[in-house]
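Here's a quick look at how one model is put together.

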Amino acid sequence: MAEAVDLKAIGTRPVRPDGVEKVTGRANFGADLSLPGMLHAKILRSPHAHARIKSVDLSGALAMDGVVAAISGKDLPGGGDLGVNILAKDKALYHGHAVAAVAARSAYIAEVALDSIKVEYEPLNPVLSIDAAIADGATLVNESMHTNGDTSQPASNIAAITKFERGDVEKGFADADVVVEGEYRVPTAHQGYIEPHACTATINEEGKATVWCCTQGQFDVRSMTAQCLEMAVSDIRVIPSEIGGGFGGKTTIYLEPVAVKLSAISGRPVKMVMSREEVFRATGPTSATLCRTKIGAKNDGTITAASAWLAYEAGAFPGAPVGPGCMSVLAPYDLENFAIEGNDVLVNKPKVAAYRAPGAPQSMHAMECTIDELARKLDMDPLELRLKNCAEEGTVAPYGPQFPAIGLKACLEAAKEHPNYTTPPAEGQGRGVAVGFWFNIGMQSSAEIRIAENGAVTIMEGSPDIGGSRASMCLMAAETLGVPYKTINAHVGDTEATGYCNTTGGSRTTFATGLAVIEACEDIITQCKQRAALTWELDVDQVDWQDGQAVPKPGVNADVKPLSLADIARSAGRTGGPLLGRASLNAQGPGASFSVNWTDVEVDRETGKVDVAAFTAVQDAGRAIHPSYVEGQMQGGAVQGLGWALNEEYIYDANGVMENAGFLDYRVPVTSDMPMIDTQIIEVPNPSHPYGVRGVGETPIVAPLAATSNAVRDALGFRINDLPLSPPRVLEAIDANG
Amino acid sequence: MAKVHVSTTVNGQPQEVLVEPNDSLLDTLRDGLGLTGTKEGCATGDCGACSVTLDGRLVCSCLVLGVEADGKEVGTIEGVADGDGLHVLQQKFLEHAALQCGVCTPGFIVAAKALLEKNPDPDETTIRYWLAGNLCRCTGYDKIVRAVQDAASELATPA
Ligand code: FES
Ligand code: FES
């Protein structure tokens with residue numbers, strides 16, 4: 001598609017259409033709904049990290065005043081692993097695993113009633129680390145799990161092994177002048193969205209359910225809830241509230257089938273809201289990982305071979321994001337020889353969920369630290385070393401496809417010229433550089449454009465707005481239709497109000513749902529041209545659409561005044577009825593996204609505390625539709641990455657109980673921890689999108705981990721391989737290194 | 001437990017509400033009075049999403065009991081905009097795109113307003129320390145700090 005020129009709306013920074021609702025407290029989030037006669041439900045959770053459940057007796061709770069309904073795992077028949085995760089069946093698989101639920105007149109009564117449920121457990125040995133899980137004779141988290149489903153081999157905690165290989169790795173290492181190796185661990189981190197999971201459900205006598213919830217994907221909530229309850233998707237309507245952050249963590253479900261089931265039993269609406277502690281203990285964090293990396297290079301910096309062995313904790317069910325970890329680990333480099341192996345490892349911890357570029361931060365932390373060590377050995381600038389080996393248009397990605405136009409080289413070159421890079425770090429500070437990557441996804445979206453009688457434009461689409469996407473949709477519609485931004489509003493429809501749409505995730509929304517919005521606008525333009533042709537008694541081929549108006553094409557002899565969208569809308573009843581544009585598609589070619597980050601840090605050698613003095617993020621956005629929200633993604637991702645690098649980790653005791661299940665002890669960055677985050681948006685247009693959009697949401701969290709590690713390495717003069725670089729770990733390393 | 005009758009003032013309006021003795025002020029506002037603009041992110045005083053003022057002092061409403069509001073003045077996000085339009089802070093949060101998901105925003109605005117009432121000309125460090133009790137997981141804080149700085153300078157400029 002042609003590169004868009006002379007953009008009027010795109011690239012401006014207007015106020016988002018849902019903004020006033022959100023700064024005044026009017027916007028309704030997951031926990032904000034109340035219905036008449038509503039009950040409140042609470043969940044009983046396993047006190048053991050691994051135990052056989054011998055029996056569950058709900059009678060004590062049901063006998064209590066104010067308790068209306070109670071269920072356990074056997075009441076939730078379907079959903080496979082998802083259903084087992086939502087309510088345990090034969091085994092409790094992690095500390096905090098849901099075992100039973102109670103609905104009562106108040107949340108307090110429901111909470112108290114949980115104590116009266118009798119569960120008989122037979123505790124089992126918990127498997128709590130990758131090393132323990134893959135050791136010979138390890139206890140099995142799931143006795144019927146065989147690696148890659150191969151039942152000819154003994155059962156294993158390794159659910160799957162993924163491999164990507166090219167060329168001759170042995171020879172590549174033999175040809176190298178320099179070889180660098182390392183082993184790196186990254187701890188479990190939580191998405192840390194500020195809004196806990198919440199839903200309200202009701203089901204009527206006909207078996208039709210309505211679910212209100214905070215989610216990244218109302219259609220996935222519908223299908224997952226239907227699976228768990230063995231219902232038809234068409235019997236469930238899911239209405240997404242505003243969503244208070246997700247970062248991947250709200251792409252799955254925990255509560256909805258339980259609430260529907262309790263509503264079915266009680267005949268009343270049921271509301272469920274998780275506590276922060278439950279969010280930490282029982283919703284998807286991301287994988288803790290162990291990565292071994294090796295790179296060989298010539299003295300001039302040319303990489304001759306690279307290898308990566310990755311092991312990711314999946315929690316108690318298969319599905320660690322190790323595949324994306326494998327796809328990402330070497331994606332920035334153009335390599336002849338490599339070998340990548342990824343292991344999906346079961347442990348008795350919560351089932352992991354997507355977290356912003358799932359799997360990429362961990363593997364790329366290991367590789368980008370290794371590249372940094374290589375640069376040091378070769379005495380090369382880390383950006384130069386990357387420029388020498390970087391992937392470009394035409395490079396075949398390690399995971400298969402050939403890259404179309406990508407912005408990595410442009411980001412590296414911009415970084416090299418950036419005043420924050422050309423100025424050396426302040427005295428006593430260390431600087432670290434790293435590259436980030438995410439492949440981005442497309443998938444299915446629908447959009448409808450409705451034109452009111454006064455020409456105002458309503459966009460109805462299905463992507464929950466997690467960070468300003470309504471504004472992006474309105475800008476793309478303004479650009480395409482040629483009408484002012486402020487005449488457009490965007491709505492996120494429920495599963496009955498809008499066409500099917502995949503979940504907000506994979507950085508797909510502005511790209512894929514944006515494409516649907518653009519196509520639906522083009523549909524409107526086609527209709528407007530027809531209406532104008534009818535009005536003017538011209539052939540439709542004789543009408544153009546320019547700056548939001550129908551005009552006769554140059555050379556067409558017609559003495560008519562241009563017809564605006566409002567003009568056409570006002571008389572639509574006489575030209576064929578209301579204007580309604582539609583598009584549905586399965587978007588292809590999302591366009592890979594690359595970034596370059598660097599940070600300057602200072603390490604307090606007395607306390608081990610690392611202070612971030614400066615952070616700069618350069619990223620290719622393809623085309624920034626609303627630059628403020630692109631910068632916002634870059635800044636927010638940077639700070640999440642810094643938090644993971646410096647402080648965030650799940651700390652478990654010997655029994656698999658998380659010891660820091662609250663924001664006081666699981667410490668995410670606060671305002672006073674952070675400097676301003678400098679951003680530079682690079683625009684190498686994505687050839688698969690009319691305005692050049694690439695997803696921008698996930699890449700930002702990837703590079704900060706290694707950039708921080710490399711900066712601390714620079715400041716200290718020695719490397720600490722494992723994250724987080726929290727004061728105790730840094731202090732211990734300082735003491736050990738004299 | 002018998003409910004307790006509480007007479008309080010919320011955003012300048014007298015209110016009567018029945019609360020459980022163990023309800024937090026946050027529960028009372030949200031469930032008792034239907035003022036759901038104040039959010040719960042943790043219920044343990046660690047996130048600031050529930051920030052309100054109690055007799056003018058900034059507090060985490062999850063750490064105050066509903067019964068403690070008796071006879072006191074409570075200020076919530078719903079009272080920040082006056083009848084004529086948005087408060088400068090609200091306007092600046094919008095202009096600077098200082099919210100992504102927006103769930104932390106009511107708490108930040110209530111907290112920032114309390115700061116500017118106390119200190120109309122805070123420097124960046126003062127803003128960052130004052131707002132250190134409010135977690136935002138989306139923005140990385142950059143645009144929030146800038147919005148507060150901009151609001152402070154606009155409030156300082158005589159109209
Ligand atoms: S809800 Fe009160 S501080 Fe988090
Ligand atoms: S905007 Fe989402 S938590 Fe602050």
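The contact draws 44 residues from chain A and 45 residues from chain B, where two residues are in contact if their C-beta atoms, placed from the backbone, lie within 7 Å. On the side of chain A that touches chain B, α19 (627–646) supplies the largest share, eight residues.

It's a predicted model, with local features needing pLDDT of at least 70, side-chain atom pairs counting only at pLDDT 80 or more, and totals for chains, interfaces and linings using all residues. Residues are numbered from 1 along each chain as its sequence is written, while chains are lettered from A and ligands numbered from 1 in the order in which they are written.

Next up is an open sheet in chain A: five strands, ordered β7-β15-β14-β13-β8, with mixed pairing. Strands (DSSP runs of E, at least two residues) and helices (H or I, at least four) are numbered from the N terminus, and strands pair if DSSP finds at least two bridges between them. β8(A) and β13(A) run antiparallel, joined by nine bridges; E181(A) has K294(A) as its bridge partner in β13(A).

Helix α10(A) lies across β7, β14 and β15 of chain A, and α10(A) also packs against α11(A). Axes here are lines fitted to C-alpha atoms, for helices over the stretch in contact, with angles from 0 to 180 degrees between N-to-C directions.

| Pair | Angle |
|---|---|
| α10(A) and α11(A) | about 35 degrees |
| α10(A) and β15(A) | about 160 degrees |

The axes of α10(A) and α11(A) are 8 Å apart.
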